[in-house]
Amino acid sequence: MVQLRPSCSFLATLASGSFVVRVRLLWKYGFDWEHLLRVLLVVFFSFVTVPLRMLERLLFSRRIRAEKFAKPPVFIIGHWRSGTTFCHMLLCSDPQWGFVPCYQVVGSQFSEVFEIPVLNKLTQLLMPATRMFDNVALSPGSPQEDELCITGRLAYSPLHYFCFPKAVDDLLRYASFKDATPSEVERFRAAYHTVLQKASIASDHRPLMIKNPANTARVPLLLKMYPGAKFIHICREPYDLFRSIYHMHDVMTTFCSLHTVTHELLSNGAIKFFKAVGTQYLADRAQIPKGQLSEVQFEDLRKDPLTEVKRIYAELGIDGYEAALPHFKQFLSEQTEYKQNLFQPCEPETIRAINANWRFAFDEWGYTMRNEDGTPVTPTKQNVNSKR
């Protein structure tokens with residue numbers, strides 16, 4: 001099967017959403033003329049897929065609206081590049097869980113149409129073999145982040161940053177929706193519920209294990225929508241986190257941005273993203289009822305994944321760990337050849353910015369803050385493992 005290059009494929013995925021939303025975003029945030037070809041590509045893809053969206057609405061809307069959840073979802077949260085994908089893929093190897101599949105992301109508003117055999121091949125055409133920024137393998141049925149479905153439906157998502165990085169401050173409002181209008185909140189609630197209903201259908205109505213880093217700042221909103229929802233929060237060493245965030249932003253904007261991008265813009269964007277999402281999570285965490293939150297550090301999950309998953313299941317009252325253990329081991333055995341990205345150490349000015357803006361992360365999760373020359377500063381709090 002011939003596949004689009006990853007760069008074209010991701011841009012096509014973004015563009016395959018609502019034509020009206022794409023026009024609205026372009027009108028609100030503008031574009032730099034050097035990216036006119038990309039603008040035309042976005043408009044083209046969003047326009048030519050209008051019949052597919054109409055077909056889904058005509059044939060499947062009643063079934064989608066009628067879908068009920070077997071149980072409230074489990075949400076994996078934590079900032080992008082904190083290890084949420086590894087955690088999600090590991091947990092979803094347990095066959096009791098449903099999830100948002102990649103093909104639902106490729107056509108966020110017409111994924112049900114892919115059930116029609118002649119159109120099913122379109123999924124494989126649009127699907128890259130790996131993610132651009134970390135080489136994680138992709139397939140039409142593999143677990144995926146559901147925020148990408150929101151970008152196809154609404155103008156209200158922080159991930160539109162990849163196309164409009166100069167609008168970072170405005171787009172970050174849609175991480176938490178704290179400053180959004182009531183109509184924006186209601187439109188998000190309706191769209192997000194539809195996304196999960198479609199995921200439930202695609203998963204044969206199994207309970208959902210959902211990964212969405214943007215949801216890290218939406219805990220109160222999600223608890224109102226799904227009162228029994230459970231949360232798994234993952235954190236990562238801040239300096240490693242910054243380098244990985246910057247790399248992701250650099251790669252994604254290289255292929256998708258409609259604004260001219262600079263190092264300063266990307267660096268400030270990475271700092272703002274984690275500060276906004278991380279501080280909002282800490283402000284809201286106490287609202288999560290007892291027994292509905294488990295926290296894990298990425299470093300612990302990579303070092304001893306089975307022990308951490310067993311603890312997560314126990315803390316959240318999830319049954320089935322022993323039955324799922326062979327599936328967890330199979331997944332982990334398939335990851336032995338995978339290599340994480342390696343990055344250069346942070347520059348002194350980056351360390352200075354991280355220390356000034358992300359101190360809350362060092363204080364809360366016990367990571368060691370460093371001086372500009374890389375030498376450690378005395379830790380400000382015991383490691384998170386000591387609090388368990």
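**Exercise 1. Work out how helices α2 and α3 are arranged and which residues join them.**

Solution. Start with the axes. Helix α2 (residues 19–29) and helix α3 (residues 36–48) have axes that come within 8 Å and cross at roughly 155 degrees. Axes are lines fitted to C-alpha atoms, for helices over the stretch in contact, and angles run from 0 to 180 degrees between N-to-C directions. Helices (H or I, at least four residues) and strands (E, at least two) are DSSP runs, numbered from the N terminus.

Next, classify the angle. Under 35 degrees counts as roughly parallel, over 145 as roughly antiparallel, 65 to 115 as roughly perpendicular, and the rest as oblique. α2 and α3 are therefore roughly antiparallel to each other.

Now list the contact (heavy atoms within 4.5 Å). F19, R22 and L26 of α2 touch V39, V42, V43, S46 and F47 of α3.

Last, sort by class. Ala, Val, Leu, Ile, Met, Phe, Trp, Tyr, Cys and Pro count as nonpolar, Asp, Glu, Lys and Arg as charged, and the others, Gly among them, as polar. The contact of α2 with α3 has six nonpolar, one polar and one charged residue.

**Exercise 2. Decide how far the model can be read.**

Solution. This is a predicted model: local features need pLDDT of at least 70, side-chain atom pairs count only at pLDDT 80 or more, and totals for chains, interfaces and linings use all residues. Residues are numbered from 1 along each chain as its sequence is written, and side-chain values use heavy atoms, with hydrogens and water left out.

pLDDT is the predictor's confidence in each residue, from 0 to 100. The protein chain averages 85, and 82% of the residues score at least 70. Residues 1–6 fall below 50; this stretch has 14 contacts in the model beyond near neighbours in sequence. Residues 380–388 are also below 50, with 22 such contacts.

**Exercise 3. Describe the two contacts of α17.**

Solution. Take α5 (residues 84–92) to begin. The axes of α5 and α17 come within 8 Å and cross at roughly 135 degrees. That makes α5 oblique to α17. F86, M89, L90 and L91 in α5 meet F328, F331 and L332 in α17. By class, that is seven nonpolar, no polar and no charged residues.

Then take α16 (residues 305–316). Its axis and that of α17 (residues 321–333) come within 11 Å and cross at roughly 145 degrees. P305, L306, V309, K310 and Y313 in α16 meet Y321, E322, L325, F328, K329 and L332 in α17. This contact has eight nonpolar, no polar and three charged residues.
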